[in-house]
Amino acid sequence: MRLLRRKDLVCRDAVQLMSDYLEDALSSRQRARLESHLADCPHCSEYLRQMQTVMRAVGHVEPDDLSASAREELVAVYRRWRAA
Ligand SMILES: [Zn+2]
């Protein structure tokens, strides 16, 4: 039995891929999965935009910083999205 059958990323997984995505460090397969999630997920798209803004400002996103703050940020974005 293979768990890989479940192809859809959950938001938590998508957020974890985003720092590598922005640094162009994903495999083409991971990138395709993330992009397909982003296409369907307004709050992850919004979050990626915010991260791109941070990247432009500081030139780099530390994966450790990101994993620490990403959850809270995503929850905030998600709550705004749900409330809208
Ligand atoms: Zn998502």
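Predicted model: local features only at pLDDT ≥ 70, side-chain atom pairs only at ≥ 80, totals over all residues.
The crossing in which α1 passes α3 is right-handed.

The contact between these helices draws on Cys 11, Ala 14, Val 15, Met 18, Ser 19, Tyr 21 and Leu 22 from α1, which meet His 43, Cys 44, Tyr 47, Leu 48, Met 51, Gln 52 and Met 55 from α3. Eleven of the residues in this contact are nonpolar and three are polar, with no charged residues.

Helix α2, spanning residues 28-40, packs on helix α3, residues 42-58, at an angle of about 115°, and their axes lie 5 Å apart. Angles of 65 to 115 degrees count as roughly perpendicular, and α2 and α3 are therefore roughly perpendicular to each other. Their crossing is left-handed. Here His 37, Leu 38 and Asp 40 of α2 meet Pro 42, Cys 44, Ser 45 and Leu 48 of α3; four residues of this contact are nonpolar, two polar and one charged.

Nonpolar side chains in soluble globular proteins tend to be buried together. The largest nonpolar core here has 17 residues, among which Met 18 and Leu 34 touch the most other members. At least two residues of this core come from each of α1, α2 and α3, and α1 provides the largest share, six residues. Beyond its neighbours within four places in sequence, Met 18 is in contact with Leu 34, Leu 38, Cys 44, Tyr 47, Leu 48 and Met 51.

Technical notes. Residues numbered from 1 in each chain as written. Heavy atoms only, no water. Axes fitted to C-alpha atoms, helices over the stretch in contact; angles between N-to-C directions. Helix = DSSP H or I, 4+ residues; strand = E, 2+ residues; numbered from the N terminus. Parallel < 35°, antiparallel > 145°, perpendicular 65-115°, else oblique. Left-handed = near helix turned anticlockwise from the far one by under 90°. Contact = heavy atoms within 4.5 Å. Nonpolar A, V, L, I, M, F, W, Y, C, P; charged D, E, K, R; others polar. Core = buried A, V, L, I, M, F, W, Y, C linked by side-chain atoms within 4.5 Å. Buried < 20%, exposed > 50% of the residue type's maximum accessible area, 1.4 Å probe, protein only.
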